[in-house]
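Here is a short briefing on one protein chain. Look over the sequence and the fold before reading on.

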Amino acid sequence: MQLFLIVIFGSIGVGLRYLLTTSSLSLWPNIYFPTLVSNVLGCFLFGLFYIVFIKQNSSFGMPLTIGLCGGLTTLSSFCFEIIKLLENKNYLLGSCYPLVILTTCCLLVYFGIVVGKYITV
């Protein structure tokens, strides 16, 4: 049942991301506003749902955080992991982790673009 709820809430998150993207691209075609809003909203909701549902052992905690927030954005999980590292006083890893992940992911996006261009030539 938990997996089913995660999939349903994930679908809702993906639908929200799609609606946000398509509606705001007509207003701001050259700005990554949809990404900014979905990431900011997703991070806020992840933190809120963590406290309200997961800390209270609610069965809706995982579907809302992994499903809804995961469908809306993956940045929420990333930021949550950083916060947990810092809360656990693991300051070195909590400081290095974002730099390593962001640098690696940006390089891999670039690598994916290069590979994609190469195989579609």
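Predicted model: local features only at pLDDT ≥ 70, side-chain atom pairs only at ≥ 80, totals over all residues.

Residues are numbered from 1 along each chain as its sequence is written, and side-chain values use heavy atoms, with hydrogens and water left out.

**Whole chain**

- The protein chain has five helices and zero strands. Helices (H or I, at least four residues) and strands (E, at least two) are DSSP runs, numbered from the N terminus.
- Its pattern along the sequence is α-α-α-α-α.
- The C-alpha trace spans about 50 × 40 × 30 Å along its principal axes.
- Of the 121 residues, 25% are buried. Buried means under 20% relative accessible area, exposed over 50%, and partly exposed in between (1.4 Å probe, protein chains only).
- Take contacts (heavy atoms within 4.5 Å) between residues at least 6 apart in sequence: 59% join residues at least 24 apart.

**Helix H1**

- H1 covers residues 2-25, which is 24 residues.
- From first C-alpha to last, H1 reaches 34 Å, close to the 34 Å expected at 1.5 Å a residue. The expected span is 1.5 Å times one less than the number of residues.
- The buried residues of H1 are Leu5, Ile6, Phe9, Gly10, Gly13 and Ser24.
- Their cover includes helix H2 (33-54) and helix H3 (61-72).
- An α-helix has 3.6 residues a turn, so residues three or four places apart point the same way.

**H1 against H2**

- H1 and H2 pack at an angle of about 145 degrees, with axes 9 Å apart. Axes are lines fitted to C-alpha atoms, for helices over the stretch in contact, and angles run from 0 to 180 degrees between N-to-C directions.
- H1 contributes Arg17, Leu20, Thr21, Ser24 and Leu25 to the contact. H2 contributes Phe33, Pro34, Thr35, Val37 and Ser38.
- By class, this contact has five nonpolar, four polar and one charged residues.

**Leu108**

- Leu108 lies in helix H5 (residues 91-119).
- Leu108 is exposed, at a relative accessible area of 52%.
- Leu108 and Ile82 are 26 residues apart in sequence and 21 Å apart in space, C-alpha to C-alpha.

How values were computed:
Nonpolar A, V, L, I, M, F, W, Y, C, P; charged D, E, K, R; others polar.
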